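Here are my notes after going through the model you sent over.

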Amino acid sequence: MATTDPLHDAPVDTRRAVDRWLGNYSEDHRHPTNIMLHHVCVPLIVWTVVAFFWVIPVPPGIGEPGLWAALAMVGALGWYLRLSRPLGLAMVAVFVVLGAITHVLYGWLGATQLLSLAILVFVLAWIGQFIGHRIEGKRPSFFTDLVYLLVGPLWITAKALRRLGIAY
């Protein structure tokens, strides 16, 4: 929704910040194949970031493996919750699931193999994303603003909430 700024005679976007971020992100993701690739690749990339933080050694006496991942997730959640409480709470659930998956994989594989797996998945998922953008004919959103690296997971989550009939 836009109104006009009386001082500059320019349109003013009156949407909530979350709607602006998601709307702008959606503009770069319209082709069905790109959307499908993002639905697969974005969650995989988010998991790899959690895994990368998980394997950073935690000094004895400070905490357990996964501490840095938990702190990174809390930092991201702060931004998500400021944008939208329902979306932020949904991202809590996303991060809990990703943290649980990573915890189990860490127990099975250990730090070195978990890191190797995360690197492989990260590279393949980014290749998928770039293929999607090639098909779309648009550059990835994060080329204009790195914040879009946080918006991508929120975009997927917002779509899931809409399908479930949950307003955000």
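This is a predicted model: local features need pLDDT of at least 70, side-chain atom pairs count only at pLDDT 80 or more; totals for chains, interfaces and linings use all residues.

1. The chain has 168 residues, and 38% of them are buried. Its C-alpha trace spans about 60 × 35 × 30 Å along the principal axes.

2. On secondary structure, I get 5 helices and 2 strands.

3. Now the packing of H3 against H4. Their axes are 6 Å apart, at an angle of about 155°. Since that angle is over 145, H3 counts as roughly antiparallel to H4. The crossing of H3 and H4 is right-handed. From H3, the contact uses Met73, Ala76, Leu77, Tyr80, Leu81 and Leu83, while H4 brings Arg85, Gly88, Leu89, Met91, Val92 and Phe95. By class, the residues of the contact of H3 with H4 are 10 nonpolar, 1 polar and 1 charged.

4. Next, H3 with H5. H3 covers residues 67-83 and H5 covers residues 148-163; their axes come within 11 Å and cross at roughly 60°. The two helices are therefore oblique to each other. The crossing of H3 and H5 is right-handed. On the H3 side you'll find Ala76, Trp79, Tyr80 and Leu83, and these meet Leu150, Val151, Pro153 and Leu154 of H5. The residues of this contact split into 8 nonpolar, no polar and no charged.

5. That leaves H4 with H5. Here the axes come within 11 Å and the crossing angle is roughly 125°, which makes H4 oblique to H5. The crossing of H4 and H5 is right-handed. H4 puts in Pro86, Leu87, Ala90, Met91, Val94 and Trp126, and H5 answers with Leu149, Pro153, Leu154, Thr157, Ala158 and Leu161. The count for the contact of H4 with H5 is 11 nonpolar, 1 polar and no charged residues.

6. Which residues have the most contacts inside the largest nonpolar core? They are Leu22, Trp47, Tyr80, Leu87, Phe95 and Leu154, in a core of 40 residues. At least two core residues come from each of H1 (17-27), H2 (32-54), H3, H4 (85-136) and H5. H4 gives the most, with 11 residues.

7. Leu22 deserves a look on your screen. Setting aside neighbours within four places in sequence, Leu22 is in contact with Leu87, Val151, Leu154, Trp155, Ala158 and Tyr168. Two of the names there, Leu87 and Leu154, are also on the list of residues with the most contacts inside the core.

8. Is Arg30 buried or exposed? Arg30 sits in the loop between H1 and H2, and with a relative accessible area of 52% it is exposed, because the cut-off for that label is over 50%. Not counting residues up to four places away in sequence, Arg30 touches Ile35 and Glu136.

Key: Residues are numbered from 1 along each chain as its sequence is written. Side-chain values use heavy atoms; hydrogens and water are left out. Axes are lines fitted to C-alpha atoms, for helices over the stretch in contact, and angles run from 0 to 180 degrees between N-to-C directions. Helices (H or I, at least four residues) and strands (E, at least two) are DSSP runs, numbered from the N terminus. Angles under 35 degrees count as roughly parallel, over 145 as roughly antiparallel, 65 to 115 as roughly perpendicular and the rest as oblique. A crossing is left-handed if the near helix is turned anticlockwise from the far one by less than a right angle, and right-handed if clockwise. Contact means heavy atoms within 4.5 Å. Ala, Val, Leu, Ile, Met, Phe, Trp, Tyr, Cys and Pro count as nonpolar, Asp, Glu, Lys and Arg as charged, and the others, Gly among them, as polar. A nonpolar core is a set of buried Ala, Val, Leu, Ile, Met, Phe, Trp, Tyr and Cys residues joined through side-chain atoms within 4.5 Å. Buried means under 20% relative accessible area, exposed over 50%, partly exposed in between (1.4 Å probe, protein chains only).
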